[in-house]
Amino acid sequence: MSVELSIENGLALIKLNRPKALNALSFTILGELDAAIDQVSQAIAKGTARGLIFTGEGEKSFCAGADITELMGRPVLHEHEGARIGQAVFSKIASLNIPSVAVIHGYAFGGGLELALACTFRVATARAKMGLPEVKLGLIPGYGGTQRLPRLIGEGRALDIIMSGRTVEAEEAERIGLVNRIVADGDPVAIGQEYLAPYLKHSLAALDFARQAILRGMNTTLDEGLRIERDLSTLAYQTADAKEGMNAFVEKRTAQFKDH
Ligand code: CO8
């Protein structure tokens with residue numbers, strides 16, 4: 001298996017483990033990733049996973065993208081189906097109702113960066129290098145990059161990065177909001193844990209409603225977005241955690257959230 005899943009202390013860890021090919025995503029690996037996400041969903045339902053960390057095996061690479069050798073010589077309809085599969089797996093990651101973080105410690109190119117873009121957050125070590133270099137292959141991103149990148153960093157910057165295919169260093173990535181933070185090199189699990197900790201103090205219900213309001217609102221008009229916010233904030237208001245949070249405030253104690 002080139003996708004390893006472990007769940008410990010409320011955190012799920014998915015590690016891409018194909019270091020000889022810099023953790024490139026074959027279609028087999030995409031299938032394994034899909035199955036791993038399903039297992040994470042089950043763990044979320046059981047309450048055993050409250051956060052998800054993605055990392056890649058080896059010093060060099062988070063993920064160097066789709067497996068280029070597999071993309072060659074395929075009938076166009078197979079390629080279209082391949083893009084659908086990649087998009088579906090990454091959309092499944094994006095729709096998980098727990099916070100996820102990609103710990104980028106080396107290369108994150110093409111599908112590797114698209115995977116990271118599907119996560120709630122991205123952190124990078126100083127030696128991380130990122131990009132969507134598909135144009136250099138005569139291709140364009142096909143696993144969500146043309147859609148998620150401009151939503152994250154804006155149209156002009158996304159046009160520059162995608163149309164040049166250039167490499168973005170960690171410092172620039174942080175400056176333009178492509179990654180949330182530069183972190184010191186170290187154990188990716190510890191990095192992910194530390195990064196997610198401030199979010200995971202809160203109710204998962206509130207976190208999910210907040211994220212849905214932002215992401216759904218960004219895909220629509222301001223008026224419709226405000227309606228989504230009204231509805232989701234009213235739903236959040238009805239949770240037991242909202243009651244607990246407000247009670248804890250007036251009683252001057254720390255809230256004990258239960259994620260419902
Ligand atoms: N696919 C397959 N093998 C790869 C890939 C890849 N994406 N990236 C690296 N490898 C392999 C290399 O071929 C090499 O194998 P070998 O040792 O057998 O020759 C091994 O990994 C190590 O790579 P390098 O020797 O090249 O390592 P360097 O440190 O010199 O360079 C780079 C690292 C810069 C990351 C370089 O390997 C590189 O440019 N890789 C390709 C990056 C890339 O272009 N990614 C985008 C791929 S396309 C994509 O993700 C989406 C396509 C859209 C799909 C939509 C339709 C389905």
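What follows is a set of questions and answers on cysteines, helix contacts, rings and backbone angles.

Author: This is a predicted model, in which local features need pLDDT of at least 70, side-chain atom pairs count only at pLDDT 80 or more, and totals for chains, interfaces and linings use all residues. Residues are numbered from 1 along each chain as its sequence is written, and side-chain values use heavy atoms, with hydrogens and water left out.

Reader: How many disulfides are there?

Author: A disulfide is a pair of cysteine sulfur atoms within 2.5 Å. For Cys-63, the nearest cysteine sulfur is that of Cys-119, 11 Å away. The count is zero.

Reader: Is Cys-63 buried or exposed?

Author: Buried means under 20% relative accessible area, exposed over 50%, and partly exposed in between (1.4 Å probe, protein chains only). Cys-63 has 0% relative accessibility, so Cys-63 counts as buried.

Reader: Are helices H3 and H4 roughly parallel or roughly antiparallel?

Author: Helices (H or I, at least four residues) and strands (E, at least two) are DSSP runs, numbered from the N terminus. Axes are lines fitted to C-alpha atoms, for helices over the stretch in contact, with angles from 0 to 180 degrees between N-to-C directions. The axes of H3 (residues 76-94) and H4 (residues 111-118) come within 8 Å and cross at roughly 30 degrees. Under 35 degrees is roughly parallel, over 145 roughly antiparallel, 65 to 115 roughly perpendicular and the rest oblique, so H3 and H4 are roughly parallel.

Reader: Which residues of H4 meet H3?

Author: Contact means heavy atoms within 4.5 Å. On the H3 side are Phe-90, Ile-93 and Ala-94. In H4 they meet Gly-111, Glu-114, Leu-115 and Ala-118.

Reader: Is the ring pair of Phe-121 and Tyr-195 stacked or edge-to-face?

Author: Rings of Phe, Tyr and Trp (its six-membered ring) pair if their centres lie within 6.5 Å; planes under 30 degrees apart are stacked, over 60 edge-to-face and the rest tilted. Here the centres are 5.4 Å apart. The planes are at 65 degrees, so the pair is edge-to-face.

Reader: How many residues apart are Phe-121 and Tyr-195?

Author: Phe-121 is in strand E7 (residues 121-125) and Tyr-195 in helix H8 (residues 188-200). The pair links distant parts of the chain, 74 residues apart.

Reader: What is the phi of Asn-23?

Author: Most residues other than glycine have a negative phi. Asn-23 lies in the loop between E2 and H1. Asn-23 is not a glycine, yet its phi is positive, at about 60 degrees.
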